Amino acid sequence: MTAKDIDNNVINYEKSLEYWADIPATVDGVLGGFGFISDADIEGSTIFLNSLLSSKNPPCTNTAIDCGAGIGRITKFLLTQFFKSVDIVEPDSKFISTIKDFVGENKEKVGNLYNVGLQEFHPVKKYDVIWNQWVLGYLKDMDLISYLVRCSNALNENGIIVVKENVTSSGKPENDDNDSSVTRSLKQYLKIFKDANLKRIKQVKQTNFPNGIYPVYMFALVPICNNSGLYNNVCNATEKYVSEINKL
Ligand SMILES: C[S@@+](CC[C@H](N)C(=O)[O-])C[C@H]1O[C@@H](n2cnc3c(N)ncnc32)[C@H](O)[C@@H]1O
């Protein structure tokens, strides 16, 4: 299967934007009526991030970016608790104008706000952690691969891309015409990561979510090692997690 073969999902960026334009700027709004899972989600992410930050060659905690941030739920409850500065990417102008108020006491940690879709986002800085959650289903496969490659080039030394997304239980992609998104299978995500030259150093399934919703996976991704020495630290960190991935 080539990258071209998997570019078969029907995604319309304008339609997604129209959908989100009608959604209230609340936690319940950005979580599609599932606001009650936010605490468990943040708890799972906190454990995941803590494990990355306590690994042998951890990322620094200077700067992170929250991609497809909505109202800044993850920025407020997770990223500003760990990082000195957090940038934001969010295409909905109503959400992005809410973020600083919503983040509240840590709002001085909110850095640059980029009011664009991820398919158009070209990072101009380097980041220690690039957090993507419940947003990659809005990107076409080829745009997602290109975006992940740009993220890869925007990592500081030991930097990590985090992806936290729903996956289908059926093993097949499932389209949602309402918001013009796709829920991918685990296998599709793994293929996309490979095509973007990314390697998983950690993968964890979120627990404590209610029955009846899609399984949610967290992935920590780093650029695949080359021989230039640039990613030697990352390679070392990767070895530490190989056995964990092998257990999956
Ligand atoms: C389900 S909400 C998740 C928000 C946030 N990540 C969270 O977990 O609280 C999806 C978000 O993705 C944004 N979005 C939709 N299409 C996007 C795109 N092409 N690029 C970036 N963000 C997008 C929406 O505006 C919305 O804020």
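**Exercise 1. Describe the shell around the ligand by residue class, and say which residues come nearest.**

Sorted by class, the shell around the ligand holds 12 nonpolar, 6 polar and 3 charged residues, where Ala, Val, Leu, Ile, Met, Phe, Trp, Tyr, Cys and Pro count as nonpolar, Asp, Glu, Lys and Arg as charged, and the others, Gly among them, as polar. This is a predicted model, in which local features need pLDDT of at least 70, side-chain atom pairs count only at pLDDT 80 or more, and totals for chains, interfaces and linings use all residues. Residues are numbered from 1 along each chain as its sequence is written. Among the 21 residues around the ligand, those that come nearest are Gly68, Gly70, Arg73, Gly117 and Tyr138, a residue being near if its C-beta atom, placed from the backbone, lies within 6 Å of the molecule.

**Exercise 2. Find which residues of H6 are buried, and on which side of H6 they lie.**

Helix H6 covers residues 141-153, helices being DSSP runs (H or I, at least four residues) numbered from the N terminus. Its buried residues are Asp141, Leu144, Ile145, Tyr147, Leu148 and Cys151; buried means that 20 or more other C-beta atoms, placed from the backbone, lie within 10 Å of the residue's own, exposed 12 or fewer, and partly exposed in between.

**Exercise 3. Decide how exposed Gly35 is.**

Gly35 sits in the loop between helix H2 (27-30) and helix H3 (38-53). Because Gly35 has 14 C-beta neighbours inside 10 Å, Gly35 counts as partly exposed.

Conventions: Helix = DSSP H or I, 4+ residues; strand = E, 2+ residues; numbered from the N terminus. Expected span 1.5 Å × (residues − 1). Arc of directions from axis to C-beta.
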